[in-house]
Amino acid sequence: MVRIEEKQGTIVPSSMPQQQNPLQQLQAKFKEVENGFRAWLSKQPLPVEATVVTTTGAAQGAAIGALMGTLTNDISSSLQTPPQASLNPQAMASFKQAQALSGGPLVQARNFAVMTGVNAGISCVMKRLRGKEDVQSSMAAAFGSGAMFSLVSGMGGPNQAANAVTSGLFFALVQGGLFQLGKKFSQPPVEDVNYYRTRSMLNSLGLQNYEKNFKKGLLTDSTLPLLTDSALRDVKIPPGPRLLILDHIQRDPVLKEKQGHRG
């Protein structure tokens, strides 16, 4: 809401506090707590950080596994040991793999807790030791989690060591491919330096949705001292936001100084 006051013949908008979305406030608070926790954790000794990260990763994996186990519980209960499976090692191995992938909530919680916990722990150690998070670290963590998942779940069959290595290699290759793919498609957009001050101003006023209007009208940072009500109206910015923007420019000492030089 905007209240307009008249001072010495000049209309000066008085900005009222912007009503923020409660969900956005909650997300911002959660992000602030998360960043604070990560900052604290990064200052701890490596064993402490690795333990905390592994534990939290395992807890998340256990929750996911329990949910999946609940959904696949009917499938697991329908799997009965074949009468001749004990006479055929290959058939028994296949049966154990099926059981590992369709166990109940507790089984799946254990399997996923080990997999995600090991992955998070190795990633943490590699990042601290190497000073960066890259595809090599990601693949090493995936190899460890894949090998441990194979051993704990029992899906390795009679030759557990060989199958653990095979599972680890498979996890590593998949994770490496996903890492590279994600890196390729998640490059952050390059910020337009011509709108740095404009973007900062709009964000401070809660008017970031109108950045596209500025860009459409080519109203760059260099034009801010020259902005008028008609110029903002031409790019279809409503009256209320126009008053807030013009008032901000009048109050900004840097922009006001540039206006004086141009005058």
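Tutor: Let us begin with confidence. pLDDT is the predictor's confidence in each residue, from 0 to 100. This model is predicted, and its protein chain averages a pLDDT of 80, with 75% of the residues scoring at least 70.

Student: Which elements of the protein chain have the lowest and the highest mean pLDDT?

Tutor: The lowest mean, 50, belongs to strand β1 (residues 2-7), and the highest, 92, to helix α10 (residues 229-234).

Student: How many helices and strands does the protein chain have?

Tutor: There are 12 helices and 2 strands. Along the sequence, the pattern is β-β-α-α-α-α-α-α-α-α-α-α-α-α.

Student: How many of the residues count as buried?

Tutor: A residue is called buried when its relative accessible area is under 20%, and exposed when that area is over 50%. Of the 263 residues of the protein chain, 30% count as buried.

Student: How many aromatic pairs does the structure hold?

Tutor: The structure holds 4 aromatic pairs. One of them joins F170 and F171, with 6.3 Å from centre to centre and 75 degrees between the planes. This pair is edge-to-face because planes over 60 degrees apart are given that name.

Student: Which residue lies over the face of Y195?

Tutor: It is K215, at 5.6 Å from the ring centre.

Student: What is the volume of the largest pocket, and which residues are closest to its centre?

Tutor: The volume is about 710 Å³. Its lining has 22 residues, and the closest to the centre are R38, L41, E49, V53 and K127. By class, the lining has 7 nonpolar, 9 polar and 6 charged residues. Helices α1 (22-42), α2 (46-71), α5 (105-130) and α6 (135-153) each supply at least two residues of this lining.

Student: Where is L218 found, and what is its phi?

Tutor: L218 is found in the loop between α9 (211-216) and α10. Its phi is near 55 degrees, a positive value in a residue other than glycine. L218 counts as exposed, at 63% relative accessibility.

Student: Where does K236 lie, and what is its phi?

Tutor: K236 lies in the loop between α10 and α11 (239-251). Although K236 is not a glycine, it has a positive phi of about 65 degrees. K236 is exposed, because its relative accessible area is 65% and the cut-off is over 50%.

Conventions: Residues numbered from 1 in each chain as written. Predicted model: local features only at pLDDT ≥ 70, side-chain atom pairs only at ≥ 80, totals over all residues. Heavy atoms only, no water. Phe/Tyr/Trp six-rings, centres within 6.5 Å; stacked < 30°, edge-to-face > 60°. Lys NZ or Arg CZ within 6 Å of the ring centre and 35° of its normal. Helix = DSSP H or I, 4+ residues; strand = E, 2+ residues; numbered from the N terminus. 1 Å grid on protein atoms, 1.4 Å probe; cavity = no way out; pocket = protein on both sides within 12 Å on 5 of 7 lines; lining within 4 Å. Points joined across faces, edges and corners; volume = space filled by probe spheres on them. Nonpolar A, V, L, I, M, F, W, Y, C, P; charged D, E, K, R; others polar. Buried < 20%, exposed > 50% of the residue type's maximum accessible area, 1.4 Å probe, protein only.
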